[in-house]
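I opened a new entry for this structure. My plan is to look up a few things and write each one down.

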Amino acid sequence: MDADDFRRIALTLPGAEESSHMGAPDFRVGGRIFATLASQSQGYGNLMLTAEQQAAFVDAQSDYQLAVT
């Protein structure tokens, strides 16, 4: 997935709009940021997830290992 794919997917969500935060592209619904391309130069997109959403993703990955330091 590249930045164009990330952008396309983010903008398919109902009410999603692209904006900018601190010079980086972000994606909002109802004025709230749910994703950014702030780390695009490193090859990453960022999603803002609740603790419950994060736990669901972790639970869905049977081979996922969480490193706590």
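I began with the hairpin of strand 1 and strand 2, where 2 residues sit between the strands and Met22 has a positive phi near 55°. The model is predicted, and I read each value with that in mind. Strand 1 covers residues 17-21 and strand 2 covers residues 24-29; they are antiparallel, with 5 bridges. I looked up His21 and found that its bridge partner is Ala24 in strand 2.

Then I followed strand 2 to its other neighbour. Strand 3 (residues 32-36) is joined to strand 2 by 4 bridges, again in the antiparallel sense. Here Phe27 stands opposite Ala35 of strand 3.

How many strands form the open sheet, and in what order? I noted 4 strands in the order 1-2-3-4, with antiparallel pairing. Strand 1 and strand 4 (46-47) are the edge strands, as each of them pairs on one side only. I also looked for what packs on the sheet. Helix 1 (residues 3-10) does, and it touches strand 1, strand 2, strand 3 and strand 4. The direction of helix 1 makes about 20° with that of strand 2.

My last entry is on the surface. Which residues form a nonpolar patch there? I listed Leu47, Leu49 and Phe57, which together have about 300 Å² of accessible area. Phe57 belongs to helix 2 (residues 51-60). Is Phe57 buried or exposed? Its relative accessibility is 54%, so I put Phe57 down as exposed, the cut-off being over 50%.

Key. Residues are numbered from 1 along each chain as its sequence is written. This is a predicted model: local features need pLDDT of at least 70, side-chain atom pairs count only at pLDDT 80 or more; totals for chains, interfaces and linings use all residues. Side-chain values use heavy atoms; hydrogens and water are left out. Two strands pair if DSSP finds at least two bridges between them. Patches are made of residues with over 30% relative accessible area and no salt bridge: like charges are joined within 9 Å, nonpolar side chains (Val, Leu, Ile, Met, Phe, Trp, Tyr) within 5 Å. Accessible areas come from the Shrake-Rupley method with a 1.4 Å probe; for residues, only the protein chains shown count as cover. A salt bridge is a side-chain nitrogen of Lys or Arg within 4 Å of a carboxyl oxygen of Asp or Glu. Buried means under 20% relative accessible area, exposed over 50%, partly exposed in between (1.4 Å probe, protein chains only). Contact means heavy atoms within 4.5 Å. Axes are lines fitted to C-alpha atoms, for helices over the stretch in contact, and angles run from 0 to 180 degrees between N-to-C directions.
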